[in-house]
Amino acid sequence: MRPEQLLTPTPSGVCCQTGGFHIDPTRPVDKAVITHGHSDHARPGHGAVLATQETLDLMRLRYGDNFAGSTQVATPGETIRLGGATVTFHPAGHVLGSAQVAVECGGCRIVASGDYKDVPDPTCAPFELVSCDVFITEATFGLPVFRHGNPDGEIARLLHSVAVFPERAHLVGAYSLGKAQRVIALIRAAGYDKPIYLHGALEKITHYYQSRGIDLGELRPVRGTAKAELAGAIALCPPSSLQDVWTRRFPDPVPCFASGWMRVRARARQRGVELPLVISDHADWDGLTATIAATGASEIWVTHGQEDALVHWSRSRGLKARPLAIVGYGDEDDENDDNGSAAESRENK
């Protein structure tokens with residue numbers, strides 16, 4: 001079977017007609033296979049959803065119990081038959097419950113990566129390399145300028161600033177699913193054992209992480225905390241809240257933002273970020289190219305980001321490569337998708 005017969009790009013996302021499903025569809029479909037819980041990949045309204053337990057739980061937290069007509073749990077490593085094809089989920093190392101999806105039929109195996117990173121993260125299962133004929137890779141940071149470096153060094157910069165400015169609160173903008181929890185875990189690993197404060201929009205998912213056995217230490221809500229108590233504290237919030245009146249409840253706040261985009265200093269300046277932290281839950285250029293080479297795939301399909309550069313790199317290595325140009329995937333999770341940010345901001349004006 002040729003790859004294009006097994007998986008076909010459509011306006012709704014990649015479709016497997018043989019199996020009767022779409023992968024991370026951008027519009028409601030009868031059967032959706034979901035790689036992870038970020039809102040640009042996991043949308044409500046599908047007839048049926050197949051995903052890991054954590055992804056299904058996170059979709060339920062965000063969208064309510066009726067987010068899909070029916071659900072099915074995919075255990076990593078388990079092969080599931082859908083129509084004339086089989087699918088197997090493998091850890092993607094992106095966020096809790098994230099998975100790559102291997103689709104096989106007629107001797108052809110295609111792996112759809114979803115979003116992934118190939119570096120350690122204490123809050124989710126590590127990336128698992130899967131050999132394949134075709135690899136569908138994301139390209140969020142698909143330019144050579146994006147080399148994320150060591151996140152421990154970024155956390156050391158944060159804690160140094162906290163020590164130097166004990167009278168100021170440090171507000172770390174971090175996306176609600178995956179980034180916030182990873183940043184907290186990295187802070188704890190660096191030896192910081194004081195309470196860490198949470199914006200209300202981050203509480204629900206962070207508590208879910210804790211319920212899955214991920215130790216994040218003592219966490220407290222910002223809501224109801226006296227301003228004087230927040231001097232010298234670290235608080236996490238949605239990135240949009242860094243420019244919100246919500247920040248007025250903190251003493252002389254230091255705006256920080258944890259993102260791979262902070263490698264571009266102009267972005268930090270545009271957002272008024274005083275302490276940019278280059279911490280990403282996506283593979284950087286070196287991670288993307290190393291993964292492509294290691295899969296052994298002879299054909300690369302590139303989606304979700306800087307497609308042209310990665311297509312060019314793949315072709316220069318003798319690989320067949322094409323951009324998919326599927327509209328609807330964002331560069332990271334929607335920072336306002338939990339419907340808690342606006343309410344929390346109104347509450348604390």
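The model is a predicted one. The protein contains nine helices and 19 strands. Its radius of gyration is 20 Å, which agrees with the value near 20 Å that a compact globule of 349 residues would have.

**Overall form**
- The C-alpha trace spans about 65 × 45 × 30 Å along the principal axes of the protein.
- Of the 349 residues, 60% count as buried.
- Among contacts with a separation of 6 or more, 62% come from residues 24 or more positions apart.

**Surface and charge**
- The protein has an accessible surface of about 13,300 Å², and carbon and sulfur atoms account for 50% of that area.
- There are 34 positive and 41 negative side chains, and the centres of these two sets lie 3 Å apart.

**Strand β8**
- Strand β8 covers residues 85-91, and seven of its seven residues are buried, so the rest of the structure largely encloses this strand.
- In a regular strand, side chains alternate between the two faces of the sheet.
- One side of β8 carries Ala 85, Val 87, Phe 89 and Pro 91, the other carries Thr 86, Thr 88 and His 90, and both sides are covered.

**Neighbours of β8**
- Strand β7 (residues 79-82) pairs with β8 in the antiparallel sense over four bridges, with Ile 80 opposite Val 87.
- The hairpin of β7 and β8 has two residues between the strands, and Gly 83 there takes a positive phi near 60 degrees.
- Strand β9 (residues 99-105) also pairs with β8 in the antiparallel sense, over six bridges, and Glu 104 in β9 is the bridge partner of Thr 86.

Conventions:
Residues numbered from 1 in each chain as written. Predicted model: local features only at pLDDT ≥ 70, side-chain atom pairs only at ≥ 80, totals over all residues. Heavy atoms only, no water. Rg over C-alpha atoms; globule rule 2.2 N^0.38 Å. Buried < 20%, exposed > 50% of the residue type's maximum accessible area, 1.4 Å probe, protein only. Contact = heavy atoms within 4.5 Å. Areas by Shrake-Rupley, 256 points an atom, 1.4 Å probe, with all protein chains shown as cover. Lys, Arg positive; Asp, Glu negative; His and termini not counted. Charge placed at Lys NZ, Arg CZ, Asp CG, Glu CD. Pairing = 2+ DSSP bridges.
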